[in-house]
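Here are my notes on this one, as promised.

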Amino acid sequence: MTAETTLAECRYNCALETWNSKLETLWMHSGRRIVNLSLIGFMGAGKTSVGRLVAEQLHFDYLDTDELIVSRTGRSIAEIFKTDGEPAFRALEQQVVSDLTNRTKTIISTGGGLPVNPANLASLKTHALVVCLWASPEKIWERVKGQTHRPLLHDPDPQKKIRDLLAAREQFYKQADVLVNTDIRSAREVAQHVVHQFRLEASGQ
Ligand code: S3P
């Protein structure tokens, strides 16, 4: 090993140490303990397929906030929207999120509108690395157009609805710790990237 390499290595290690201690300070001061991973993002961004793959690779449990609501209430999401209205659904969502704070080693996949409530994002961030799966309106439409179970897309112009909702929600999605563009990657590639990010962040604590 040459003196130059040693110096370069030393610089690299110092930088790494500084970075790790910065990250440690960040976690300590922010009061975060990253023991879970949460996926947020618009309908059709791939949260379910990516979440299941990530859970498999990390040997974590997999949970979906919509599935929890359905099993708690015994009703479908569409039925809750239709009979009780969207605010009632959002209240159920918030309850589910606040009940998850004691989970560990869990992938938490969330409904597309969940991060719009700042309390939900704040709660998830106390115990989970929050990863947003991003997709363009065109890609989203391509993925959801054959599906009928999402009440918000029962609209005379679903493509416009997607564009409008996405534009309104972008500011919330961008509060994630990690943002991954899914337009150009397969679910497997996205999952790999997410696992890598999680391992990086978790080892920095
Ligand atoms: C919603 C997304 C849905 C579900 C509900 C509302 C939204 O979940 O929570 O239909 O507001 O974007 P997915 O993102 O899993 O489709």
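Where does histidine 59 lie? In the loop between α2 and β2. Keep in mind throughout that this is a predicted model.

1. **Histidine 59.** Let me start with the backbone here. Most residues other than glycine have a negative phi. Histidine 59 has a positive one, about 60°, although it is not a glycine. With a relative accessible area of 70%, histidine 59 is exposed.

2. **Lysine 105.** Here is another residue to look at for its backbone. Lysine 105 is not a glycine, yet its phi is positive, at about 45°. You'll find lysine 105 in the loop between α5 (86-98) and β3. Its relative accessibility is 53%, so lysine 105 counts as exposed, the cut-off being over 50%.

3. **The sheet.** Five strands make up an open sheet, and if you walk across it the order is β2-β3-β1-β4-β5, with parallel pairing. At the edges sit β2 and β5 (178-181), each of which pairs on one side only. From one strand to the next, the twist averages 20°.

4. **Strand pairing.** Four bridges hold β2 and strand β3 (residues 106-109) together in the parallel sense, and leucine 63 has isoleucine 108 in β3 as its bridge partner. Between β1 and β4, which run parallel, there are five bridges; leucine 39 stands opposite valine 131 in β4. On to β5: β4 is joined to it by four bridges, again in parallel, and cysteine 132 is found opposite leucine 179 in β5.

5. **Strand β4.** How many of the residues of β4 are buried? Seven of its seven, so to speak: β4 is mostly covered. In a regular strand the side chains alternate between the two faces of the sheet. In β4, Ala128, Val130, Cys132 and Trp134 point one way, while Leu129, Val131 and Leu133 point the other way, and all are buried.

6. Helix α6 (residues 118-127) lies across β1, β3 and β4, and runs at about 125° to β4.

7. **Tyrosine 62.** This residue belongs to strand β2 (residues 61-64). Is tyrosine 62 buried or exposed? Its relative accessible area is 16%, and the cut-off for buried is under 20%, so tyrosine 62 counts as buried. Look at what surrounds it: beyond its neighbours within four places in sequence, tyrosine 62 is in contact with Lys47, Thr48, Gly51, Arg52, Ala55, Ile107 and Ser109. Take serine 109 as one of these: it is 47 residues from tyrosine 62 in sequence, but their C-alpha atoms are 7.6 Å apart in space.

8. **Helices α3 and α5.** Two packed helices are described by the angle between their axes and the distance between the axes. For helix α3 (residues 65-73) and α5, the angle is about 105° and the axes are 10 Å apart. That angle falls in the 65 to 115 degree range, so α3 is roughly perpendicular to α5. Which residues meet here? From α3 come Thr65, Asp66, Leu68, Ile69, Arg72 and Thr73, and from α5 come Phe89, Leu92, Glu93, Gln95 and Val96. By class, the contact of α3 with α5 has five nonpolar, three polar and three charged residues.

9. **Helices α7 and α8.** The axes of helix α7 (residues 137-144) and helix α8 (residues 158-173) come within 10 Å, crossing at roughly 130°. That makes the pair oblique, and the crossing of α7 and α8 is right-handed. On the α7 side, Pro137, Ile140, Trp141 and Val144 do the touching; they meet Pro158, Gln159, Ile162, Arg163 and Leu166 in α8. The contact of α7 with α8 divides into seven nonpolar residues, one polar and one charged.

Methods: Residues are numbered from 1 along each chain as its sequence is written. This is a predicted model: local features need pLDDT of at least 70, side-chain atom pairs count only at pLDDT 80 or more; totals for chains, interfaces and linings use all residues. Side-chain values use heavy atoms; hydrogens and water are left out. Helices (H or I, at least four residues) and strands (E, at least two) are DSSP runs, numbered from the N terminus. Buried means under 20% relative accessible area, exposed over 50%, partly exposed in between (1.4 Å probe, protein chains only). Contact means heavy atoms within 4.5 Å. Axes are lines fitted to C-alpha atoms, for helices over the stretch in contact, and angles run from 0 to 180 degrees between N-to-C directions. Angles under 35 degrees count as roughly parallel, over 145 as roughly antiparallel, 65 to 115 as roughly perpendicular and the rest as oblique. A crossing is left-handed if the near helix is turned anticlockwise from the far one by less than a right angle, and right-handed if clockwise. Ala, Val, Leu, Ile, Met, Phe, Trp, Tyr, Cys and Pro count as nonpolar, Asp, Glu, Lys and Arg as charged, and the others, Gly among them, as polar. Two strands pair if DSSP finds at least two bridges between them.
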